[in-house]
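Below is a short briefing on one protein model.

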Amino acid sequence: MTVSKPGGTEDPSAEPVSGEATVLQTLARGLGVLEAVAEGNGTATPKTLARQLGIKQSTCYHLLRTLRADGYVVRLPGGNFDIGPRGSTLGKHLSARTGPAPEISAILTRLHNKTRETSYVCGWYHGTILMQQVLHGLHSLTVKNLDVGYVGNMHARASCLAVLAHLPASQVATMFDGTPLTKLTANTISDFNELTNELETIRRRGYALDIEAFAEDVCCVSAPFFDPSGTPAGSFSVSVPVSRFQQTRTALSTEVREAGALATNLLKTGRLVITAAPNSPESRSL
């Protein structure tokens, strides 16, 4: 199928894919630039964006000019670009629709306060496992691309494996059918049978591990939480550098499982109850 502009000329920004569906390359590139600017946190320049996205620098200038005119990006002193007011508004709307409930967020805060490490909560959103909230730890730890809204590479992330382990095998098979398991690091599972065995181990153990499977030098521990029907609703996770993993693994697995249990009870009873430790006063509700 040929996509034409008025007057009969072909539209070079449209790429036919199947039937009546088309992909507007200019729009896709513009969104890619917007996303890259957001990830850059004020460090993005036309040159770095063009190199990162594999597009011509002149094309990048045009896209940035358009996004800037509409308020989606702003040009900072010195020539760098950052997210503008309309881009920020989009982010706020997305967070409002996909973010965790206040009680779930409170459990994440508790997990973060107890571990003092980078902590995450994920949940189901439109059939995928979405990163909903991140609280960064006191120690420096940066995991590239892993931020609110991220849904990719479920086979490599403990936060996703903790959920997948408690889904029906047929559902997991459907999710990964025909999908290559990308090898992100030397430790990434890239075979579906190996993934299935790992999910069985996670079910028995009660929590999932990512030992430099998503990113080198980073380890992650994650535990699921469930809705009243027993279906996994999401997971709580903590990430640490590999240098601290062995000494903290047991404590972190205990904390993420506690967070999962609190959230499961919350979804079942509608109340957020912190169970008292031995020799402490009675349990308290939040």
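Leaving aside neighbours within four places in sequence, Thr 115 is in contact (heavy atoms within 4.5 Å) with Val 238, Leu 252 and Glu 255. The model is predicted: local features need pLDDT of at least 70, side-chain atom pairs count only at pLDDT 80 or more, and totals for chains, interfaces and linings use all residues. Residues are numbered from 1 along each chain as its sequence is written, and side-chain values use heavy atoms, with hydrogens and water left out.

- Thr 115 is found in helix α5; helices (H or I, at least four residues) and strands (E, at least two) are DSSP runs, numbered from the N terminus.
- Thr 115 counts as buried because its relative accessibility is 12%; buried means under 20% relative accessible area, exposed over 50%, and partly exposed in between (1.4 Å probe, protein chains only).
- Thr 115 and Thr 248 are separated by 133 residues in sequence, while their C-alpha atoms are 9.3 Å apart in space.

**Helix α9**
- Helix α9 covers residues 242–269, 28 residues, and reaches 37 Å from its first C-alpha to its last, close to the 40 Å expected at 1.5 Å a residue; the expected span is 1.5 Å times one less than the number of residues.
- A kink of about 75° in α9 is centred on Thr 248, where the bend is the angle between axes fitted to the seven residues ending at a residue and the seven starting there.
- Buried residues of α9 include Thr 248, Leu 252, Glu 255, Ala 259 and Ala 263.
- The buried residues of α9 pack against α5 (102–115), β7 (208–211), β8 (218–226), β9 (232–241) and β10 (273–274).
- Gly 270 follows α9 and has a positive phi, near 80°.

**Helix α3**
- Helix α3 (residues 57–69) has 13 residues and reaches 18 Å between its first and last C-alpha, close to the expected 18 Å.
- Cys 60, Leu 63, Leu 64 and Leu 67 are the buried residues of α3.
- Seen down the axis of α3, these buried residues fall within an arc of 100°, so they line one face of the helix; the arc is that of the directions from the helix axis to the C-beta atoms.
- Arg 65 and Ala 69 are exposed on the face of α3 turned away from its buried side.
- The cover over the buried residues of α3 includes α1 (25–40), α2 (46–53), β3 (73–75) and β4 (81–83).

**Nonpolar cores**
- The largest nonpolar core has 28 residues, and those with the most contacts inside it are Ile 129, Leu 161, Leu 164, Phe 176, Leu 195 and Leu 199; such a core is a set of buried Ala, Val, Leu, Ile, Met, Phe, Trp, Tyr and Cys residues joined through side-chain atoms within 4.5 Å.
- Two or more residues of this core come from each of β5 (118–125), β6 (128–135), α6 (158–164), α7 (169–176), α8 (192–205) and β8.
- Helix α6 gives the largest share of this core, six residues.
- A second, separate core of 24 residues includes Val 221, Ala 223, Ala 259 and Ala 263.

**Totals**
- The protein has nine helices and 11 strands.
- Of its 286 residues, 41% are buried.
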